[in-house]
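Have the structure open as you read.

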Amino acid sequence: MGTVQIRNARKAYGAVEVLHGISIDIEDGEFVALVGPSGCGKSTLLRMIAGLEDITGGDILIADRVVNNVAPKDRDIAMVFQNYALYPHMNVRDNMGFALRQRRVPKPEIAERVSAAARILGLEALLDRKPRQLSGGQRQRVAMGRAIVRDPNVFLFDEPLSNLDAKLRVQMRSEIKELHQRLNTTTIYVTHDQIEAMTLADRVVVMNGGVIEQMGPPLELYDRPASLFVAAFIGSPPMNFLSGRLAEGDILLMADGTRLRLPVGDPKRRSEVTVGVRPEHFAVAETGWPAVVSVVEPTGSETQITARIAGQTIRVLVRGRFSAPPETVIHLQVAPEHVHIFDPAPLPDLAELEDVA
């Protein structure tokens, strides 16, 4: 069984606590992605699961066994690192079989396992090459093959695609998903790229500042974000936010006096709020919220519009072609189910989150 249970796990370096009581239950065969900006604690948590970092408090269980004090080699896990970690003097065959040789697995069995992994990953023609003779994607497949031959209870991936170019990342993303569907091995995948998390995982755990902001199926986080941070982090381009005061239940009164009628409101609230709408949920119409066009960026299948509402910048994503000169006033409508109303809080740095995405 490849279940992983994390119970109130804490990590501190001296007086500095970086994980503040993390609890996650991961089912056998589940693919879970830990996602968040740099410094949120996701890699630290993965290294604690692997046994590469000591746990300060709480428990980590793998296959119903507490492994807090179990050596990494005895946890029945296999880890794929960001930097491949291949031995440069060994060929692909020897790199993939190294861990099995260390465990004194019989040579015929090693050869069989390496051959099977090579077939799965399309490495059969490369088994006699050294790492320096491989491309980045091929090296990452070798690192994955080294993990596969161990036949572990749990795969751990630590930002494995970060060093690849954009096109190769898309290709490797598909290969990792296909690999999981084939092997059905419990997988915990750390990434700062929310697109990777959304497309790969059965469940996404969004972390921020050493705590879990929200976890659930990818589309649940997309459709029903629990906080401003999750709303901003999940989605590319990110969600638009408009700040103001909720008046008359369904009127957003903005700082310059602009009044926007919301298709959904809360008659019990008369307070400062932040309204969120995703770019693709706006529709350009004859009536609605007035917005002043700043930039129109056509991409062929869709057009991205940067505009201003009461001085606050928003982005609108429309299917097909659209053109309008700068300073044109357009009107936007949005369906009630696509309007999110949050309590006011400091917004994350959206420019930084877009760079991450």
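## Two strands side by side

Leucine 246 sits opposite leucine 252 in S12. Strand S11 (residues 240-247) and strand S12 (residues 251-253) run antiparallel, with three bridges joining them. Strands here are DSSP runs of E with at least two residues, and helices are runs of H or I with at least four, both numbered from the N terminus. Two strands pair if DSSP finds at least two bridges between them.

This is a predicted model, where local features need pLDDT of at least 70 and side-chain atom pairs count only at pLDDT 80 or more, while totals for chains, interfaces and linings use all residues. Residues are numbered from 1 along each chain as its sequence is written, and side-chain values use heavy atoms, leaving out hydrogens and water.

Zoom out and you'll find five strands in an open, antiparallel sheet, ordered S13-S12-S11-S14-S20. At the edges are strand S13 (259-261) and strand S20 (340-342), each pairing on one side only.

## A look at histidine 180

Is histidine 180 buried or exposed? Histidine 180 is buried, because its relative accessible area is 11% and buried means under 20% (exposed is over 50%, partly exposed in between; 1.4 Å probe, protein chains only). You'll find histidine 180 in helix H5 (residues 166-183).

Leaving aside residues up to four places away in sequence, histidine 180 touches Gly29, Glu30, Phe31, Thr185, Thr187 and Asp202; contact means heavy atoms within 4.5 Å.
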